[in-house]
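Open the model in your viewer and keep the selection tool at hand.

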Amino acid sequence: GFPRQETGSLAEALVIPLIHVLLLGYLPMVGMRWSGSPGFAAACGQLIAVRRDAHAAAGGHAAIATSLHDGVTLPRAFRRAGQGSDLFDATGLARCRMYRGWGEVWSGFSKNATEGMATPVALPVWTLLLFGGHVLPWLLLGWAALAPLPDAAVALAALAVAAGLSFRVLLAVRFHQSLAGALLHPVGILILLAIQWSALLRARRGRPAEWRGRAYPSTSKTGAP
């Protein structure tokens with residue numbers, strides 16, 4: 001389940017709500033519920049409820065002992081063992097302040113990025129989807145204010161901006177998120193992509209992730225979004 005995400009700083013408000021954007025915008029829920037494929041697995045490490053027998057059949061947490069991203073790797077382990085996994089909205093059940101301030105947001109999302117988006121195969125695709133869909137339309141509208149662009153391009157950019165902004169505001173209202181973070185959505189996307197690319201480059205250089213004074217070796221794997 002995904003609890004209510006409490007955010008106390010602008011950095012948190014810009015990046016943390018993007019979890020819901022990625023989940024509800026890019027995870028095919030029908031595929032997740034009708035297919036047992038590990039590729040459709042998703043969870044939130046803040047709140048995971050399991051049956052004891054299913055947990056044992058999947059090898060328990062020992063099956064993901066080298067992972068820093070149990071929100072991805074644990075449900076994948078369940079599915080590989082023939083067990084099911086599902087998601088639910090835990091906004092009214094629990095709340096969590098994941099990180100505090102800019103430093104923790106950057107370090108926290110970086111530490112396990114290479115187990116999720118930040119792989120050599122997945123990140124270029126995510127960049128195309130997120131930058132192209134959530135940032136480029138704003139840039140095109142800004143450019144149109146300075147130089148002529150085809151009417152069709154301006155209309156499509158305006159439609160994309162309106163759709164993306166409406167989606168973020170609806171998520172903010174539904175999941176009690178920061179309205180400021182929603183209105184600055186393109187900035188949050190740029191920060192998220194910067195974190196992911198930084199994590200991938202760090203892993204390619206063999207540098208460990210750091211979190212709370214501890215260093216963790218890279219567990220980068222080739223994957224797809």
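**Stop 1: α8 and α9**

Start with helices α8 and α9, which cross in a left-handed sense. The model is a predicted one. To find the pair, select residues 136–144 for α8 and residues 151–174 for α9.

Next, show the side chains where the two helices meet. On α8, select P137, W138, L140, L141 and A144; on α9, the partners are V154, A157, A158, A160, V161 and L165. Colour this contact by residue type: eleven of its residues are nonpolar, with no polar and no charged ones.

**Stop 2: the largest nonpolar core**

Now move to the largest nonpolar core, which has 37 residues. Select V15, L87, F109, W126 and L130, the members with the most contacts inside this core. Then colour the helices that each supply at least two of its residues: α1 (10–15), α2 (18–26), α6 (101–111), α7 (122–134) and α11 (185–204). Of these, α11 gives the most, with seven residues.

**Stop 3: around F109**

Which residues does F109 touch, leaving aside those up to four places away in sequence? Select V15, I16, I19, M98, Y99, E104, I195 and Q196 to see them.

**Stop 4: another core**

Key
Residues numbered from 1 in each chain as written. Predicted model: local features only at pLDDT ≥ 70, side-chain atom pairs only at ≥ 80, totals over all residues. Heavy atoms only, no water. Core = buried A, V, L, I, M, F, W, Y, C linked by side-chain atoms within 4.5 Å. Buried < 20%, exposed > 50% of the residue type's maximum accessible area, 1.4 Å probe, protein only. Helix = DSSP H or I, 4+ residues; strand = E, 2+ residues; numbered from the N terminus. Contact = heavy atoms within 4.5 Å. Axes fitted to C-alpha atoms, helices over the stretch in contact; angles between N-to-C directions. Left-handed = near helix turned anticlockwise from the far one by under 90°. Nonpolar A, V, L, I, M, F, W, Y, C, P; charged D, E, K, R; others polar.
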